[in-house]
2 protein chains.
Amino acid sequence: MSCESRAIDQLRESGVRLTPQRAMVLEAIYHSDGHLSVEEVHERVQQLSPYVDLSTVYRTVMFLKQQGVIGELRLDGQPVRYEAVRFGQEHHHVVCSSCGAMIDVASDDLETLSELLDTKYGFEVNLVHLTLVGQCPACRNDQSR
Amino acid sequence: MSCESRAIDQLRESGVRLTPQRAMVLEAIYHSDGHLSVEEVHERVQQLSPYVDLSTVYRTVMFLKQQGVIGELRLDGQPVRYEAVRFGQEHHHVVCSSCGAMIDVASDDLETLSELLDTKYGFEVNLVHLTLVGQCPACRNDQSR
DNA sequence: ATTGCAGATGCGAAAATTTGCAACTACGAC
DNA sequence: GTCGTAGTTGCAAATTTTCGCATCTGCAAT
Ligand SMILES: [Mn+2]
Ligand SMILES: [Mn+2]
Ligand SMILES: [Zn+2]
Ligand SMILES: [Zn+2]
C-alpha cells in the first residue's frame, strides 16, 4: 500500500479518470518530502515513463490541485511548487518577506476563519496549503532599531 | 489631488524610487475600478507614454505589490490581475470553485487570524487582498441534492 | 546647479506556461 | 469481453513571463 493510496481513493470516489500519467505525477509528488517544481515533477515522472510530456504535467498538477490532493506554493521570484496533501498533516505557510524564512502553520489555526466565512457569507471555504507573507520575529526586531 | 496620492506618499516614505513608469502604472490601476490584467495595464500606460515596455510593467506590478499599494488576484485559468489597495477599502475575496461567483471579504474578518499568527508564531503578517476558494451558498445546495 | 551612482528601463532573447488538435484510452454500459 | 464515447495525451506552435545587459535616471550629497 503506497503512501498516496488515500489520495487515489479520493480521486476514484469523485469519479474522475485515473490515468497512468495522473498516477505517476501523484506518485512523484507523494514520494517526495518537499515542495517540487513542475520541472522536477516532470523529471521524476520521466524516470518512470519517458514519453510523458511536460504539458501533461502542467495540466495534471492543476487537476490534482483542484481535486485537493496536492497543494501549491507560489513565492515571488520562484517557480511554482507542489506538495502532497497528506491526511493529518494539512498545513499552511507563513513566509518572511525580509529573510525568506518559512514556517508551517497548523491547519486548525484557520478554523476560526473558516467558520466566520461560513456564518457571515455562507461560503464553505477549502483552505488548502495557503501561503501568507509577513515578517518573522527576528526581522521584526532588526527593523525596529 | 489624484486618487493615488496616498499610495505615492507611501512610496516616498519608504524611500524607493518614484519613476514616471511607476507613477503611470499606479495611475492606470488606481484610475480603474476593477481588477486589471498586466496586458490591460500596459495598454493604458501606453496611452500615456508609448515606449513603456511590457517587461517594465511586469516588473512594476511586482514591485508595487511588494510595496503593498496594489493587490493581486490569481484565479486558475485566468490571467493575473491587479487592483488598487485603497485606504479604508482593504478587502479580500472568496471565489466559488463551482460557479465562479466572487465576493468581497472585509479586511477585519482576518483580524483574528492575524492576531493568532502573531501570538503563536511571532509573525506579523501582511494580509493584502487574499483570494480563498470555496463553495457559494447556492452551489452548496445544488451539490447536496 | 552639478555630480555620482545604485537602481530602473528598454530591448532582444530565453524560459516558462498554455493551447489546438488529431490520436488515444479509461471506464461504464451492454 | 467488446463497444462507444467523453475526457486525456503527446506534440507542435502560440503565448506569456522572465532575464541579461547596455544605457539611462532619480535623488541624495555637495
Ligand atoms: Mn507545505
Ligand atoms: Mn479585489
Ligand atoms: Zn525574517
Ligand atoms: Zn457557486
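Let's start at one residue. Setting aside neighbours within four places in sequence, Ser114(B) touches Val125(B) and Leu127(B). Contact here means heavy atoms within 4.5 Å. Ser114(B) sits in helix 5 (residues 111–121) of chain B. Helices (H or I, at least four residues) and strands (E, at least two) are DSSP runs, numbered from the N terminus. Ser114(B) has a relative accessible area of 19%, so it is buried. The cut-offs: buried is under 20% relative accessible area, exposed is over 50%, and partly exposed is in between, with a 1.4 Å probe and protein chains only.

Some ground rules. This is a predicted model, where local features need pLDDT of at least 70, side-chain atom pairs count only at pLDDT 80 or more, and totals for chains, interfaces and linings use all residues. Residues are numbered from 1 along each chain as its sequence is written, chains are lettered from A and ligands numbered from 1 in the order in which they are written, and side-chain values use heavy atoms, with hydrogens and water left out.

Now the two copies. Chain B superposes on chain A by a rotation of 180 degrees with 0.0 Å of shift along the axis, at RMSD 0.1 Å. That is the relation of a two-fold axis. In chain B, the C-alpha nearest the axis belongs to Leu113(B), 3.4 Å from it. Both copies use the same surface: 100% of the contact residues of chain B recur in chain A.

Strand 6 of chain A and strand 7 (residues 131–135) of chain B run antiparallel, joined by 2 bridges. Two strands pair if DSSP finds at least two bridges between them. Val125(A) stands opposite Gly134(B) in that strand 7. Within chain B, strand 7 also pairs with strand 4 (residues 91–96), in the parallel sense, over 4 bridges. There, Val94(B) has Leu132(B) as its bridge partner.

On to the metals. Which residues hold the manganese ion (ligand 1)? Its protein donors are His35(A) (NE2), Glu83(A) (OE), His91(A) (NE2), His93(A) (NE2) and His129(A) (NE2), at 2.1 to 2.4 Å. Donors are N, O and S atoms within 2.8 Å of the metal (3.2 Å for Na, K and Ca); water is not among the atoms, so sites may look incomplete. The sequence spacing is H-x47-E-x7-H-x1-H-x35-H. His35(A) lies in the loop between helix 2 (20–30) and strand 1 (36–37) of chain A, and His129(A) in the loop between strand 6 (124–125) and strand 7 (131–135), so the pair ties together parts that are 94 residues apart in sequence. His35(A) and His129(A) are both buried.

Chain B has its own manganese ion (ligand 2), coordinated by His35(B), Glu83(B), His91(B), His93(B) and His129(B) at 2.1 to 2.4 Å.

Cys96(A) is in strand 4 (residues 91–96) and Cys139(A) in helix 6 (residues 137–143) of chain A, so they tie together parts that are 43 residues apart in sequence. Cys96(A) and Cys139(A) are buried.

Last stop, the open sheet in chain B. It has 3 strands in the order 1-3-2, paired antiparallel. Strand 1 (36–37) and strand 2 (70–73) are the edges, each pairing on one side only. Strand 2 meets strand 3 (residues 81–84) over 4 antiparallel bridges. Ile70(B) has Ala84(B) as its bridge partner in strand 3. Helix 2 (residues 20–30) of chain B packs on this sheet and touches strand 1, strand 2 and strand 3.

Note on methods:
Axes are lines fitted to C-alpha atoms, for helices over the stretch in contact, and angles run from 0 to 180 degrees between N-to-C directions. Copies are superposed by least squares on the C-alpha atoms of residues with pLDDT of at least 70 in both.
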